[in-house]
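Please have the sequence and the 3D view open as you read.

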Amino acid sequence: MGAGIIAVIVICSVIVAALLVVIIGYAALYFNNCNKVRPETIDNPTGFVKAYGNNLYDGDGRILVLKGVNLGNWFVQEGWMRLSSVEGFETGEYTQQRGIDAMAVNHNVTSEQAEELDKIYMDNFIRETDFANIKALGMNCVRLPFTYRNIADMEANTTEESFHYLDWALDMCEKFGLFAIVDLHGAYGSQNMDHHSGDDIQFNLYCNDHNEELTIKLWKTIAARYKDRKCVAAYDLLNEPRKAKHKFGGKVTFDFYDGLYKAVREVDTSHMIMMECFTFPSTAPASSITTGRTSASNTTYTITLPSRRSSVSVSITPATTSRASAYRFTSMSSLSLAKKPSGRRPSMQWSITAGPTPPGPINATGTCT
C-alpha cells in the first residue's frame, strides 16, 4: 500500500514538473516574441516599404504606421460621392461605364468635348493643394483607386499618356513626403459587379480566361512602370473582390490572386502586395458559395454534405454519365473539382448553399461539360 502511494506521488510529481516546464517554455517564448514582434528599426537595404512580422517599415528600416485617405471619386466616380444631382440613368444607377456610354450617345457633346470635359474634371477634382493639406493634417499615405478604363483600352494596351494622372499623383506624393497605395478598383469583367468597379452589369472576371489575362497584363504593365518608385507603399491588386450568388466562391478568387501575384512578382520583386478579402465563404456560412468555370451543362451532379467535416458523396443525375469517371471531389474544405489523370479539366459551374453550423447540411448542385 505504501509503495502504491509513493508511486502515485512520483507520477503526479512528474506530471506537475512536466506541466511547469511547458508553462515556463511558453512563457519564455511569449516574452521573447514580445521583445521581437515590434522592433523599432530593422535592416532594410531595399529602400522600399517592407512588411516584417506584424509591422510595416519604411525604406530606412523605421517602423511605419500608414495613416491616410482614399482619393475616391477622382479616377472612378461613385454615385454615393456624387457632386451633382445626377443620381442615375434609366438603365441603372450611375457607374463609370454608364457615364462613358451616356456621353458617347449625347448628341449635344462631341467626342472631343467629352474628352475635354473629362480632362477638366481630372485636372481640378484633385490638386496639388490636396496633397499639401493631407500632409498638413498629419497623414502619410494616399490610396489611388482607378479602373482599367482610366489607363488602358479594352485589350489592356496603354500609352505614355495613359499614366499621366497616376504619374502626377506619385510625383505629388514624393514632393510632400507621402506614400501611395496603387489600387485597381475595377478589373476587366468586374471582380464584384459593384458600381464602384465601374460596371455593375457583369461579374465576369473570374474564370473568364480573356478577362483574367487582360487584368494580369495590365498589372504587369503597372508594376513594370512603378517598380522603382519608392513612394509606392503597396499594390492593391483588387478592390473588394466578391463571391457571387450561384456563381463564384473564395477558392476561385484565391486561385486568380495566386496567378496575378506571381505575374506581378515576375516584374517587381520589391513592392508590397495587398490582397483584399471580402465576403468569402468562411465569413458568410449561410450564404451561397460557388466555385468553378461556367458553361452550358450536359452533366449534373448533386452533392450532399451531412456535416462540414464529412466525406463528400457524389451522385450523377441522368443526362450524360459517361464523363463521370473523369472527375472527383478532392476535399470538402476547398469545394473544388479536380480531374483524374484520364480526364480533362472541365468547364463547370457550382452552386453550394451552406446551412447553419452546427448542425445542418450543406447541399450543392453543379453542372459541367
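Start with strand 8, where eight of the eight residues are buried, so the strand is largely enclosed by the rest of the structure. Buried here means under 20% relative accessible area, while exposed means over 50% and partly exposed lies in between (1.4 Å probe, protein chains only). Helices (H or I, at least four residues) and strands (E, at least two) are DSSP runs, numbered from the N terminus. This is a predicted model, in which local features need pLDDT of at least 70, side-chain atom pairs count only at pLDDT 80 or more, and totals for chains, interfaces and linings use all residues. Residues are numbered from 1 along each chain as its sequence is written, and side-chain values use heavy atoms, with hydrogens and water left out.

What does strand 8 pair with? Seven bridges join strand 7 to strand 8, and the two run parallel; Leu144 stands opposite Val182 in strand 8. Four bridges join strand 8 to strand 9, also in a parallel arrangement, and here Ile181 has Ala234 of strand 9 as its bridge partner. Two strands count as paired if DSSP finds at least two bridges between them. Strands of a sheet pair through backbone hydrogen bonds, either parallel or antiparallel.

For antiparallel pairing, look at the open sheet of three strands in the order 1-2-3. Strand 1 (50–52) and strand 3 (63–64) stand at its edges with a single partner strand each, so one side of each is left without a neighbour in the sheet. Three bridges join strand 1 to strand 2 (residues 55–57), and Tyr52 stands opposite Asn55 in strand 2.

Now turn to the nonpolar cores, meaning sets of buried Ala, Val, Leu, Ile, Met, Phe, Trp, Tyr and Cys residues joined through side-chain atoms within 4.5 Å. The largest has 49 residues, and Phe131 and Tyr235 touch the most other members. Among the elements that give two or more residues to this core are helix 4 (128–136), strand 8 (179–186) and helix 7 (209–226), while helix 6 gives the most, with seven residues. Apart from this core lies another, of eight residues, including Leu64, Cys141, Ile181 and Ala234. Not counting residues up to four places away in sequence, Phe131 touches several residues, among them Leu71, Val142, Trp168 and Met172; a contact means heavy atoms within 4.5 Å.

Rings of Phe, Tyr and Trp (its six-membered ring) pair if their centres lie within 6.5 Å; planes under 30 degrees apart count as stacked, over 60 as edge-to-face and the rest as tilted. By this rule there are 12 aromatic pairs. Trp74 and Phe75 form a tilted one, 4.6 Å centre to centre with 50° between the planes. Trp74 is buried, with a relative accessible area of 0%, and Phe75 counts as buried at 4%. The rings of Trp219 and Tyr235 have centres 5.4 Å apart and planes at 55°, so this pair is tilted. Trp219 in helix 7 and Tyr235 in strand 9 are 16 residues apart, and their pair links distant parts of the chain. Ring pairs also link Trp74, Phe75, Phe131, Phe146, Tyr165 and Trp168 into a cluster.

Finally, step back to the whole protein. Its secondary structure comes to eight helices and 17 strands, and of its 369 residues, 40% count as buried.
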